[in-house]
Amino acid sequence: MPLDMDIRSAQARFEQYAKPILGAFASAAIPTGEQITPPMLVDALRQLFALLGTDVSTWDPSLPPDEPERVGDIAIGLLMDLATWAERLRERQAKAAMELVAVSIAAWVIAQHGQILTLEPIVNGLAALANTRSEAAALYPLAVLMGQVADAAAAQFAADLDSIDPHRPWRILLINWGITATRAHSPQEMTRAFQAIRRHLPADARAFFAEGRQQVEQGDFPDAVRAVMIQAADAIEHSLH
């Protein structure tokens with residue numbers, strides 16, 4: 001199952017699931033005051049998709065080099081706001097769809113060599129994709145994308161201002177990357193993910209690798225995958241003694 005991350009498909013998904021959000025918002029007649037409403041968000045995102053669908057090389061050359069990164073981050077932030085509205089309006093399928101669209105925008109930003117600045121909807125979308133895949137071959141491109149997102153969001157790891165929050169998005173991203181790489185039977189991606197977990201999540205590493213060791217010893221995993229996990233678990237145990 002290849003990953004379909006192109007902007008045209010993302011825009012089609014966006015348009016499909018924006019409709020129930022707009023309909024539910026209109027029916028709810030919620031007093032919004034100064035809030036940014038779903039119609040405003042949808043209009044803004046349509047304008048951004050018109051830009052995202054063009055070749056960056058045709059953009060105004062006077063724009064700063066990080067303009068694609070800035071545009072992508074704005075789009076991801078607006079998608080997160082729209083997903084929040086979808087949750088509020090109990091349109092949970094639409095919420096999940098907006099988070100999948102955010103993953104596509106993230107892939108676009110990465111292709112432009114930009115940084116990922118807004119992680120939450122991307123992490124949620126990646127987790128949802130992982131939950132729909134069971135075969136190692138289908139999980140492998142997802143593990144690779146998780147690693148690319150982690151690399152593009154690395155600046156956030158260095159500024160861990162809320163290290164006690166287990167729900168912080170980049171923690172979930174790194175844990176899910178490690179799990180997905182293992183399920184994908186990819187020693188290379190496992191090694192990269194495990195290095196990131198040891199470096200950025202030292203408080204989580206022992207429990208993660210202990211559970212991973214149990215999984216590979218009891219489950220049907222290739223020898224190479226089992227060896228990488230056991231080596232990582234042993235290294236953590238030795239470092240704590």
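Trainee: Does Gly114 count as buried or exposed?
Mentor: Buried, because its relative accessibility is 13% and the cut-off for buried is under 20%. Keep in mind that this is a predicted model.

Trainee: Where is Gly114 found?
Mentor: In the loop between H4 and helix H5, which covers 120-131.

Trainee: And what is Gly114 in contact with, leaving aside its neighbours within four places in sequence?
Mentor: Glu69, Val109 and Ala152.

Trainee: How many Å separate the C-alpha atoms of Gly114 and His185?
Mentor: 29 Å. Along the chain, the two are 71 residues apart.

Trainee: Back to H4. What should helix H4 span, and what do its end C-alpha atoms give?
Mentor: H4 runs over residues 92-111, which is 20 residues. At 1.5 Å a residue it should span 28 Å. The end C-alpha atoms are 29 Å apart, so the two agree.

Trainee: What follows H4?
Mentor: His113, with a positive phi near 65°.

Trainee: Are Ala29 and Arg90 buried or exposed?
Mentor: Ala29 counts as exposed, at 60% relative accessibility. Arg90 is exposed too, with a relative accessible area of 69%.

Trainee: New topic, the core. How many residues are in the largest nonpolar core?
Mentor: 79. Phe14, Ile105, Phe194 and Phe209 have the most contacts inside it. H4 contributes the largest share of this core, 13 residues. In soluble globular proteins, nonpolar side chains tend to be buried together.

Trainee: What is Ile105 in contact with, beyond four places in sequence?
Mentor: Its partners are Ile7, Phe49, Leu52, Gly72, Ala75, Ile76 and Leu79.

Trainee: How many aromatic pairs does a search of the whole structure find?
Mentor: Six. Take Phe194 and Phe209: the ring centres are 5.0 Å apart and the planes are at 85°, so the pair is edge-to-face. This pair links distant parts of the chain. Phe194 is in helix H9 (residues 187-200), Phe209 is in helix H10 (residues 202-218), and they are 15 residues apart.

Trainee: Are Phe194 and Phe209 buried or exposed?
Mentor: Both are buried.

Trainee: Which residues do ring pairs link into a cluster?
Mentor: Phe194, Phe208 and Phe209.

Trainee: What sits over the ring of Trp170?
Mentor: The charged end of Arg168, 5.0 Å from the ring centre.

Trainee: Last one, Glu67. Where does Glu67 lie, and is it buried or exposed?
Mentor: Glu67 lies in helix H3, residues 67-88. It counts as buried because its relative accessibility is 9%.

Trainee: What does the side chain of Glu67 make a polar contact with?
Mentor: The side chain of Arg70, at 2.7 Å. In general, an α-helix has 3.6 residues a turn, so residues three or four places apart point the same way.

Methods
Residues are numbered from 1 along each chain as its sequence is written. This is a predicted model: local features need pLDDT of at least 70, side-chain atom pairs count only at pLDDT 80 or more; totals for chains, interfaces and linings use all residues. Side-chain values use heavy atoms; hydrogens and water are left out. Helices (H or I, at least four residues) and strands (E, at least two) are DSSP runs, numbered from the N terminus. The expected span of a helix is 1.5 Å times one less than its number of residues. Buried means under 20% relative accessible area, exposed over 50%, partly exposed in between (1.4 Å probe, protein chains only). Contact means heavy atoms within 4.5 Å. A nonpolar core is a set of buried Ala, Val, Leu, Ile, Met, Phe, Trp, Tyr and Cys residues joined through side-chain atoms within 4.5 Å. A polar contact is a pair of N or O atoms within 3.5 Å; within protein, one must be able to donate a hydrogen and the other to accept it, and residues adjacent in sequence count only if both atoms are side-chain atoms. Rings of Phe, Tyr and Trp (its six-membered ring) pair if their centres lie within 6.5 Å; planes under 30 degrees apart count as stacked, over 60 as edge-to-face and the rest as tilted. A charge sits over a ring if NZ of Lys or CZ of Arg is within 6 Å of the ring centre and within 35 degrees of the ring normal.
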